2 protein chains.
Amino acid sequence: MAEADAINVDLEIIVHGVQGRSKPELRLWLRMLSTTKLISQEIRRRLRAEFGATLPQFDLMAQLYREKDGLRLGELSKRTMVTNGNVTGLVERLEADGYIQRLTPDADRRVTVAKLTDSGTIFFATMAAAHERWLQEMMADVDPRMISGLWSEIGAVKVSASNHLSGAAFE
Amino acid sequence: MAEADAINVDLEIIVHGVQGRSKPELRLWLRMLSTTKLISQEIRRRLRAEFGATLPQFDLMAQLYREKDGLRLGELSKRTMVTNGNVTGLVERLEADGYIQRLTPDADRRVTVAKLTDSGTIFFATMAAAHERWLQEMMADVDPRMISGLWSEIGAVKVSASNHLSGAAFE
DNA sequence: ACGATTCCTTTGACATTTCAAATATCAGCT
DNA sequence: AGCTGATATTTGAAATGTCAAAGGAATCGT
């Protein structure tokens, strides 16, 4: 009950706030934000409940899963859109749990490469399968064509935003 | 090593199931997530640089701006999609900065109501105007019709997700 | 009344987040 | 070699995020 209310009453209230009229860009942004927040919180809950893992850990392991040889921490930082300092802590905890292994190549000893252990690989594969199911489940009521369309349209939003960043752009 | 090989073979099968034919829902989700992350990070940077404020503070003040009489912390928690414990800390800091005010109505002394001070109202109005400009700027390259279309289509995604939350089964 | 339940908020332990400053290493120039 | 600047990671402070447990306060049933 309280949860259902929380869903219906969301951030979009700001829309009518400032000048009384709401610009479409602001409206879209608030809806993107609340929708993303809603879904990530659900995924967080499930990852925690079923696997005792966090979403950032899942994201990080997802990157390593695609690169069997491992990735440098800086590269991990870019791909996960997480700051360098943050990656350090995430990797530390995952290493302590035995899912990740850190090593420093002799070629360049400034670098630290992280890669999944066997245990980490198995663990992630299990989570990833569930993660994919959850998303299909949560989007089950959405027309499949709309899903594909949204993918490319949101791509346009992403490109536009990338081109108007104050600092550097990437991806 | 024979054991390790057996593991790797099995995992390869999982790999293709998990990532090889990545389902449209997963693709869409990853794009929504990265786009939202990109834009919020930019907004965070600008709020910090230009106003010394954080995004959660902005969100919280946005809700109070709409309700001149203030809101109970539990209501604030629902509307901002932030947990109760988190609201406590946010309100404490904003109160220390003089932007909001806390009071306990005699009618129900379990309750704490937060409302914007005059200073907070002025401060938020300034930020909100900039915030709206930033969004128009970042979405400047997107066709206006696409922006409206996206708003309603993402609404469909939101509704679908809302109907498939783990907690929503009761009721 | 009164005990049990429910409601609202705070607290506590941790994980994540950002930024800035510090550290460590490498590569190039003199 | 030795200096300098660029690169890679770690560290530290402060804020935000989660959940679970604890607290006070109101309400309900008996």
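Biologist: How do the residues of the surface near DNA strand C divide into nonpolar, polar and charged?

Modeller: This is a predicted model, in which local features need pLDDT of at least 70, side-chain atom pairs count only at pLDDT 80 or more, and totals for chains, interfaces and linings use all residues. Residues are numbered from 1 along each chain as its sequence is written, chains are lettered from A and ligands numbered from 1 in the order in which they are written, and side-chain values use heavy atoms, with hydrogens and water left out. A residue is near a strand if one of its heavy atoms lies within 4 Å of it; Ala, Val, Leu, Ile, Met, Phe, Trp, Tyr, Cys and Pro count as nonpolar, Asp, Glu, Lys and Arg as charged, and the others, Gly among them, as polar. On that basis, the surface near DNA strand C divides into 5 nonpolar, 10 polar and 10 charged residues.

Biologist: What percentage of the atoms of DNA strand C within 4 Å of the protein belongs to sugar or phosphate?

Modeller: Polar contacts (pairs of N or O atoms within 3.5 Å; within protein, one must be able to donate a hydrogen and the other to accept it, and residues adjacent in sequence count only if both atoms are side-chain atoms) provide some examples. Among the atoms of DNA strand C within 4 Å of the protein, the share in sugar or phosphate is 79%.

Biologist: Which element gives the most to the surface near DNA strand C?

Modeller: Helices (H or I, at least four residues) and strands (E, at least two) are DSSP runs, numbered from the N terminus. At least two residues each come from helix 3 (55-66) and helix 5 (84-96) of chain A, and from helix 2 (24-51), helix 4 (73-80) and helix 5 (84-96) of chain B. The most, 4 residues, is given by helix 5 of chain B.

Biologist: Which element supplies the largest share of the surface near DNA strand D?

Modeller: Here a polar side-chain atom of Q41(A) lies 2.8 Å from a phosphate oxygen, and one of T54(B) lies 2.6 Å from a phosphate oxygen. Two or more residues each are given by helix 2, helix 4 and helix 5 of chain A and by helix 3 (55-66) and helix 5 of chain B. The largest share, 4 residues, comes from helix 5 of chain A.

Biologist: Against which elements do the buried residues of helix 5 of chain A pack?

Modeller: Buried means under 20% relative accessible area, exposed over 50%, and partly exposed in between (1.4 Å probe, protein chains only). In helix 5 of chain A, V87(A), G89(A), L90(A), V91(A) and L94(A) are buried. An α-helix has 3.6 residues a turn, so residues three or four places apart point the same way. The buried residues make contact (heavy atoms within 4.5 Å) with helix 3, helix 4 (73-80) and strand 2 (100-103) of chain A.

Biologist: Which strands stand at the edges of the sheet in chain A?

Modeller: Two strands pair if DSSP finds at least two bridges between them. The open sheet has 3 strands in the order 1-3-2, with antiparallel pairing. Each edge strand has a single partner, so one side of it is left without a neighbour in the sheet; these are strand 1 (71-72) and strand 2 of chain A.

Biologist: Is S40(A) buried or exposed?

Modeller: S40(A) lies in helix 2 (residues 24-51) of chain A, and a polar atom of its side chain is 2.5 Å from the backbone oxygen of T36(A). Not counting residues up to four places away in sequence, S40(A) touches L55(A), W29(B) and L33(B). Its relative accessibility is 8%, and therefore S40(A) counts as buried.

Biologist: Which residues does F58(A) touch, not counting those up to four places away in sequence?

Modeller: F58(A) is found in helix 3 of chain A and counts as buried because its relative accessibility is 4%. The residues that F58(A) touches are L47(A), F124(A), M127(A), A128(A) and H131(A).
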